[in-house]
Amino acid sequence: MSKSLAVLLVAASVQAFGSSAHAEGVLFDQFPFAVACEYKGTQHAFYLSKMTEDSTATYMASDNFAGTITLHGEAKAVGSDAGGSCLGTTLAELRASGQARDIK
């Protein structure tokens, strides 16, 4: 009987994890995997790093550059006042300009 219970618990865990991963995947699918931005004449690739419950995506690049964006808001720098070609743009604008890179 304990063997059956263990199998049932593993199956339930796999199903719950799969559902959670799928739900998170839907949110991640709404954001580009990477965003290309220019700063002081240098091109930087910002990669999707984290997603919060309020749908704020954080993107990271080399040199400790980071930025955030929401589904309907504008890109903002994190920890810096430095500006670049992505600051103040929306996801729609980044996609229209070809700066957003999606993986499908």
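Leaving aside neighbours within four places in sequence, which residues is serine 55 in contact with? In this predicted model, serine 55 is in contact with Leu27, Phe31, Ile69, Thr70 and Leu71, where contact means heavy atoms within 4.5 Å. Serine 55 lies in the loop between β2 and β3 (56-60). Its relative accessible area is 17%, so serine 55 is buried (buried, under 20% relative accessible area; exposed, over 50%; partly exposed in between; 1.4 Å probe, protein chains only).

The model is predicted: local features need pLDDT of at least 70, side-chain atom pairs count only at pLDDT 80 or more, and totals for chains, interfaces and linings use all residues. Residues are numbered from 1 along each chain as its sequence is written, and side-chain values use heavy atoms, with hydrogens and water left out.

The protein chain contains two helices and six strands. Along the sequence, the pattern is α-β-β-β-β-β-α-β. Helices (H or I, at least four residues) and strands (E, at least two) are DSSP runs, numbered from the N terminus. Of the 104 residues in the protein chain, 26% are buried. The accessible surface is about 7100 Å², computed by the Shrake-Rupley method with a 1.4 Å probe. Carbon and sulfur atoms account for 60% of that surface. Among contacts between residues at least 6 apart in sequence, 34% join residues at least 24 apart.

The six strands form an open sheet, in the order β5-β4-β3-β2-β1-β6, with antiparallel pairing. Two strands pair if DSSP finds at least two bridges between them. β5 and β6 (100-101) stand at the edges with a single partner strand each, so one side of each has no neighbour in the sheet. β1 and β6 pair in the antiparallel sense over two bridges. Alanine 34 stands opposite arginine 101 in β6.

The largest pocket holds about 350 Å³ of space. A pocket is an open set of points on a 1 Å grid over the protein atoms alone, where a 1.4 Å probe fits, with protein on both sides within 12 Å along at least five of seven lines. The volume is the space filled by probe spheres set on the points. Lining residues have an atom within 4 Å of a point. There are 26 of them in the largest pocket, and Phe46, Ala66, Gly67, Cys86 and Leu87 are the closest to its centre. β1 (34-39), β2 (42-51), β4 (66-70) and β5 (76-77) each give two or more residues to this lining. By class, the lining has 15 nonpolar, eight polar and three charged residues. Gly counts as polar, and Cys as nonpolar.
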